Amino acid sequence: MSAIQALITDPAYHDYLSILKGARNGFVYGVKVRFPHALIMAILFGRGDWTTRLKTIFKATKQHALNLAKFVSLYKTLLVLQKKVNGGKQRSSDTFIAGLIGGYVVFGERNAVNEQIVLYVCSRVVASLLSRAKTTYGKSAPAPGRPLPPDARQFSIFAAVVWGAVMWLFQERGETVQPGMFNSMTYLYRDSNHWHDLRTLFWHNK
């Protein structure tokens with residue numbers, strides 16, 4: 001055990017072991033994020049019997065978890081390789097190159113899970129273009145190295161444009177809306193226009 005402890009704490013192996021730990025954390029995070037989401041979606045919008053729905057939940061959770069594990073391990077591996085090629089120094093562009101290759105290899109295949117993940121990440125990238133507030137939420141000064149919330153005024157405009165755009169797309173160009181969002185919006189904005197008795201007005205959607 002002492003030999004294993006010495007190996008895993010040896011700085012010489014840190015970069016390589018971080019790849020394994022990254023894969024582990026990617027898998028665990030993927031399960032934590034996808035399982036409850038897939039479960040709720042199966043309850044609200046699932047079709048077929050519960051055996052079919054459980055298979056769908058398992059498939060989506062497995063794919064999300066494995067893809068995150070693959071991406072993290074590939075990303076970290078590419079960083080290590082670039083660092084070695086550059087004489088042990090990491091350049092600012094290394095993260096972009098590693099993310100670019102990892103994103104293409106792991107998330108480049110178009111399927112429902114990958115599309116949701118890519119759109120989620122895209123929204124965060126776009127939102128990062130907003131100016132940052134001078135303080136964190138409810139605090140007088142930001143902690144070093146911690147994210148700052150967007151400028152409140154710019155965020156208000158951003159929110160208005162986003163919601164105006166998505167509602168227009170849903171109504172006028174519904175075929176371009178991501179399927180999961182389209183189903184949710186149909187439930188909220190179209191199904192609520194139809195009922196035929198008290199039961200379907202308040203208790204059941206249809």
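**Notes on the helices and the surface**

1. α3 passes α5 in a right-handed crossing, meaning that the near helix is turned clockwise from the far one by less than a right angle. Helices here are DSSP runs (H or I, at least four residues), numbered from the N terminus. The axes of α3 and α5 (residues 112–127) come within 9 Å and cross at roughly 50°. Axes are lines fitted to C-alpha atoms over the stretch in contact, with angles from 0 to 180 degrees between N-to-C directions. The two helices are therefore oblique to each other.

2. Please keep in mind that this is a predicted model, where local features need pLDDT of at least 70, side-chain atom pairs need 80 or more, and totals for chains, interfaces and linings use all residues. Residues are numbered from 1 along each chain, and side-chain values use heavy atoms, without hydrogens and water.

3. Now look at α2 (residues 14–45) and α3 (residues 50–85), whose axes come within 7 Å and cross at roughly 155°. These helices are therefore roughly antiparallel (angles over 145 degrees; under 35 is roughly parallel, 65 to 115 roughly perpendicular, the rest oblique). Their contact includes 21 nonpolar, eight polar and six charged residues.

4. Which residue forms a salt bridge with aspartate 15? Lysine 83 does, with the closest N and O atoms 3.7 Å apart; the rule asks for a Lys or Arg side-chain nitrogen within 4 Å of an Asp or Glu carboxyl oxygen. Lysine 83 lies in α3 and aspartate 15 in α2, so the pair ties together parts 68 residues apart in sequence. The count by this rule is three salt bridges.

Conventions. Nonpolar A, V, L, I, M, F, W, Y, C, P; charged D, E, K, R; others polar.
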